[in-house]
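Here's a quick briefing to read alongside the structure. Keep the model open and find each spot as you go.

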Amino acid sequence: MSSNADQIADFLERYCHTLDDGLFEDWSAYFEEDASYLVTTRQNVEANMPIGIVLCEGRGMMDDRIKALRIANIFENHTHRHVVGRPLIEPKDDGQCAVRSSFVIYRTMHTGQTEVFATGRYDDVLKPGPQGWRIAQRRVVLDSRMVDTLMVYPL
């Protein structure tokens, strides 16, 4: 039987592989029904500004975002590849865990050109349940305040 740390690390890796494999319709299943997903910048966090670039409150909003990218948004075809560092896990008294992990996301365009798309960290609150771990809260903190307008895929 693996430890909570191993289970959480595996869960976070599966999350990234799901996105990298383009299985976006499966994305919201990693979250609790009422979870929040926020993409913001380090600058906003350091200034204690709750302003975000993307905010989804609940799985319904996440599912709507995926429907929009599939049928409404027009963008150049590209893929992402996540590289995630070992998570720092801090158990909480209520059984949840505060989890922080660093990431780099590479983007490869339809031309074959690959570049660093984003670097930063995930600040997560994970909740255990009968189906395993789920994200109760995910804050994606981008290192740069320069955000590409082609942020259509979840990070």
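Let's start with charge: the side chains of arginine 138 and aspartate 124 come together in a salt bridge, 2.7 Å from N to O. Arginine 138 sits in strand β7 and aspartate 124 in strand β6, so this pair ties together parts that are 14 residues apart in sequence. Both arginine 138 and aspartate 124 are buried. Bear in mind that this is a predicted model.

- Salt bridges with shared partners join Arg121, Asp123 and Arg139 into one network.
- Aspartate 20 pairs up with arginine 81, and their closest N and O atoms are 3.4 Å apart. That's a link between distant parts of the chain, with aspartate 20 in helix α1 and arginine 81 in strand β3, 61 residues apart.
- Is aspartate 20 buried or exposed? Its relative accessibility is 9%, and buried means under 20%, so aspartate 20 counts as buried. Arginine 81 is partly exposed, at 41%.
- Glutamate 32 and lysine 127 form a salt bridge too, at 3.8 Å from N to O. Glutamate 32 is in strand β1 and lysine 127 in strand β6, so the pair ties together parts 95 residues apart in sequence.
- Lysine 127 is partly exposed, with a relative accessible area of 36%.

**Helix α1**

- Helix α1 covers residues 4–20, and at 1.5 Å a residue its 17 residues should span 24 Å. The end C-alpha atoms are 24 Å apart, so the two values agree.
- Among the buried residues of α1 are Ile8, Phe11, Leu12 and Tyr15.
- The buried residues of α1 pack against several strands, including β1, β3 and β6.
- Just after α1, glycine 22 takes a positive phi of about 75°.

**Aromatic rings**

- Searching the whole structure turns up nine aromatic pairs.
- Phenylalanine 11 and tyrosine 30 make a tilted pair, with 5.5 Å between centres and 55° between planes. Phenylalanine 11 is in helix α1 and tyrosine 30 in the loop between α1 and β1, so the pair ties together parts 19 residues apart in sequence.
- One aromatic cluster has Phe11, Tyr15, Trp27 and Tyr30 among its members.

- Val83, Tyr106 and Val116 make a nonpolar surface patch of about 250 Å².
- Valine 116 belongs to strand β6 and is partly exposed, at 48% relative accessible area.

Technical notes:
Residues are numbered from 1 along each chain as its sequence is written. This is a predicted model: local features need pLDDT of at least 70, side-chain atom pairs count only at pLDDT 80 or more; totals for chains, interfaces and linings use all residues. Side-chain values use heavy atoms; hydrogens and water are left out. Helices (H or I, at least four residues) and strands (E, at least two) are DSSP runs, numbered from the N terminus. The expected span of a helix is 1.5 Å times one less than its number of residues. Buried means under 20% relative accessible area, exposed over 50%, partly exposed in between (1.4 Å probe, protein chains only). Contact means heavy atoms within 4.5 Å. Patches are made of residues with over 30% relative accessible area and no salt bridge: like charges are joined within 9 Å, nonpolar side chains (Val, Leu, Ile, Met, Phe, Trp, Tyr) within 5 Å. Accessible areas come from the Shrake-Rupley method with a 1.4 Å probe; for residues, only the protein chains shown count as cover. A salt bridge is a side-chain nitrogen of Lys or Arg within 4 Å of a carboxyl oxygen of Asp or Glu. Rings of Phe, Tyr and Trp (its six-membered ring) pair if their centres lie within 6.5 Å; planes under 30 degrees apart count as stacked, over 60 as edge-to-face and the rest as tilted.
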